[in-house]
Amino acid sequence: MDIRPTPFDHPDAVKLNDAVQLEYAERYADDDGEGEGDLTHLEPSMFAPPQGLYLLAYDPQGRPVATGGWRSQDANDEGYADGDAELKRMYVVPEARGLGLARRILATLETDAREAGRTRMVLETGTAQPEAIALYTSCGYEPCEKFGFYRDYPNSRCFAKAL
């Protein structure tokens with residue numbers, strides 16, 4: 001697999017972002033089957049080095065199969081702390097799951113954020129994503145005080161790891 005930096009608005013990144021948004025909508029659908037994706041506002045510039053990084057993984061046939069990024073955060077009214085790097089849009093297409101791609105992308109993002117001077121990686125996920133929670137806790141992330149767009153939602157879970 002080839003993992004490379006890619007702009008957040010690159011067509012392949014948009015394709016995988018659309019796919020993860022659809023998965024979020026399905027996983028968090030309400031009783032009448034209606035759901036929505038992650039409503040957190042993101043701009044391509046948020047992932048531009050050295051303030052962030054966005055990665056795509058491609059399979060041997062050149063198809064985009066996984067994604068993830070980090071963006072800089074500092075203390076604000078949404079509960080972030082100075083020096084935070086926020087993990088966003090970690091996603092692996094179903095047919096490429098179980099190959100260790102998310103773990104590889106996560107490790108690369110952590111290294112890059114540390115080298116950019118960030119001191120803590122934070123992430124927000126939810127109870128309908130148990131495999132994500134399992135990945136993060138197995139990589140040393142611990143529950144932390146809630147932050148971000150979904151901090152007041154009961155099924156939101158926040159995690160942090162010192163870099």
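## Charges and salt bridges in a predicted model

Q: How far apart are the mean positions of the positive and negative charges of the protein chain?
A: Let's start with the charges of this predicted model. The protein chain carries 17 positive and 29 negative charges.

Q: How many salt bridges does the structure hold?
A: Side chains of opposite charge can pair when their charged atoms come close. A pair counts here when a side-chain nitrogen of Lys or Arg lies within 4 Å of a carboxyl oxygen of Asp or Glu. By that rule, the number of salt bridges in the structure is 11.

Q: Which residue forms a salt bridge with Glu 131, and in which helix does that partner sit?
A: The closest N and O atoms of this pair are 2.6 Å apart, and the partner of Glu 131 is Arg 27. The two belong to distant parts of the chain, 104 residues apart: Glu 131 is in helix H3 (residues 130–138), and Arg 27 is in helix H1 (residues 11–27). So the answer is Arg 27, in helix H1.

Q: Is Asp 59 buried or exposed?
A: Asp 59 pairs with Arg 63 in a salt bridge, with 2.7 Å between the closest N and O atoms. Arg 63 is partly exposed at 48% relative accessibility. For Asp 59 the relative accessible area is 10%, and the cut-off for buried is under 20%. Asp 59 is therefore buried.

Q: Which strand does the salt bridge of Glu 110 reach?
A: Glu 110 meets Lys 161 in a salt bridge, at 3.3 Å from N to O. Glu 110 lies in helix H2 (residues 101–115), and its partner is 51 residues away in the chain. Lys 161 belongs to residues 156–162, which form strand S7.

Q: What is the radius of gyration of the protein chain?
A: Stepping back to the fold, the chain has three helices and seven strands, and 44% of its residues count as buried. For 163 residues, a compact globule would have a radius of gyration near 15 Å. The protein chain agrees with that, at 15 Å.

Key: Residues are numbered from 1 along each chain as its sequence is written. This is a predicted model: local features need pLDDT of at least 70, side-chain atom pairs count only at pLDDT 80 or more; totals for chains, interfaces and linings use all residues. Side-chain values use heavy atoms; hydrogens and water are left out. Helices (H or I, at least four residues) and strands (E, at least two) are DSSP runs, numbered from the N terminus. The radius of gyration is taken over C-alpha atoms; the globule rule is 2.2 Å times the number of residues to the power 0.38. Buried means under 20% relative accessible area, exposed over 50%, partly exposed in between (1.4 Å probe, protein chains only). Lys and Arg count as positive and Asp and Glu as negative; His and the chain ends are not counted. The place of a charge is taken as NZ of Lys, CZ of Arg, CG of Asp or CD of Glu.
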